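Reader: I would like to learn how to read aromatic pairs and a helix in a model. Please go through them with me.

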Amino acid sequence: MRKNLDISVDFAGINLKNPVFTASGTCGYADELSPFMDVAALGGFITKSISLQPRKGNPTPRIVETDAGMLNAIGLANIGLDRFLDEKIPLIEELDTAVFVNLAGQTIDDYVAVTEKLAKIDAIAGFELNISCPNVKKGGITFGTDPEQIENITKHVKKVAGNKPLMVKLTPTVTDISVTAQAAIDGGADALSLVNTFTAMAIDIETRRPVLANRTGGLSGPAIKPIAVYLVNKVYNEVAKPAGIPLMGLGGITTASDAIEFILAGATTVAVGTASFPNPAASAQIVEGIENYCVEHGISSVKELTGALN
Ligand SMILES: Cc1cc2nc3c(=O)[nH]c(=O)nc-3n(C[C@H](O)[C@H](O)[C@H](O)COP(=O)(O)O)c2cc1C
């Protein structure tokens, strides 16, 4: 870190070296990222979603590039809680960064069971509650669009999260995201992350079939960035700032300048997802770029930038 420059942030009571995370589902459990960059350069790392039972995910093809972003319908494929505890926690214990575990489930009991076990593990800094995956048939999206269910699931998971902060990840596929954000806060969320992917479709005009076996998928990458920035700014102004709840902004962040847009819009932290596929070191480069921006603009603490939109 440069002299006279502080890029640390306080996020829901956790002190982070810098505001940059990697987004859930795009960098595995950190083992996939470590050959390409020093994971300790990050403010934090978010694991792939973990569910109580292992999940195979959806049939292939489940990823397709479009002209304007990536479409995926992975369907929360993951190794399940038991293997996560045996195989991945030892790796996580070695990481010198704040690790958030992303929680997935089909019922409230599933989410509670996973959280209860993980709450006892010191190496985990916090949780991200995924109630917004568009690619699973049950659970997922229905939780994420109904304010009553959001408040309820947040309340149940918060009860067993111990002293670890609970961040709720919001779907953009709703009429008014401030309503769902407020529901999560009412349920006891310590932070909100937004956004998850946008439900979308690509069609093969020769076969006249959807390209993805699941028919639809979630659109991510630069195509969604301006919408995500708008949604972060809306939630910040209407709900999060008045309630004193910090936001993590994500959706199409590829460069430090993208990250700064989200921070000016009201995010305290940011997460880098799809950009890590073509450039696995993107998140570390974004940390450096944020430092450069602060130096060039005479900013001594990155905290000054949150919500500093004129
Ligand atoms: C291949 C892929 C897998 C993903 N898996 C998960 C997941 O397991 N849990 C989750 O909460 N979000 C998941 N996401 C959503 C990302 O965390 C992020 O919200 C979204 O991609 C928008 O950010 P981006 O445009 O920077 O990728 C996934 C996204 C992609 C592209």
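Reader: Are Phe 11 and Phe 100 buried or exposed?

Author: Buried means under 20% relative accessible area, exposed over 50%, and partly exposed in between, with a 1.4 Å probe and protein chains only. Phe 11 and Phe 100 are both buried. This is a predicted model, where local features need pLDDT of at least 70 and side-chain atom pairs count only at pLDDT 80 or more, while totals for chains, interfaces and linings use all residues. Residues are numbered from 1 along each chain as its sequence is written, and side-chain values use heavy atoms, without hydrogens and water.

Reader: How many aromatic pairs are there?

Author: A pair of aromatic rings is described by the distance of the centres and the angle of the planes. Rings of Phe, Tyr and Trp (its six-membered ring) pair if their centres lie within 6.5 Å; planes under 30 degrees apart are stacked, over 60 edge-to-face, the rest tilted. The count is four. In one of them, the ring centres of Phe 11 and Phe 100 are 6.4 Å apart and the planes are at 50°, so this pair is tilted. Phe 11, Phe 21 and Phe 100 form one aromatic cluster.

Reader: Which residues of α5 are buried?

Author: Helices are DSSP runs (H or I, at least four residues), as are strands (E, at least two), numbered from the N terminus. Helix α5 covers residues 177-186, and seven of its 10 residues are buried. These are Ile 177, Ser 178, Thr 180, Ala 181, Ala 183, Ala 184 and Ile 185. After α5 comes Gly 188, with a positive phi near 110°.
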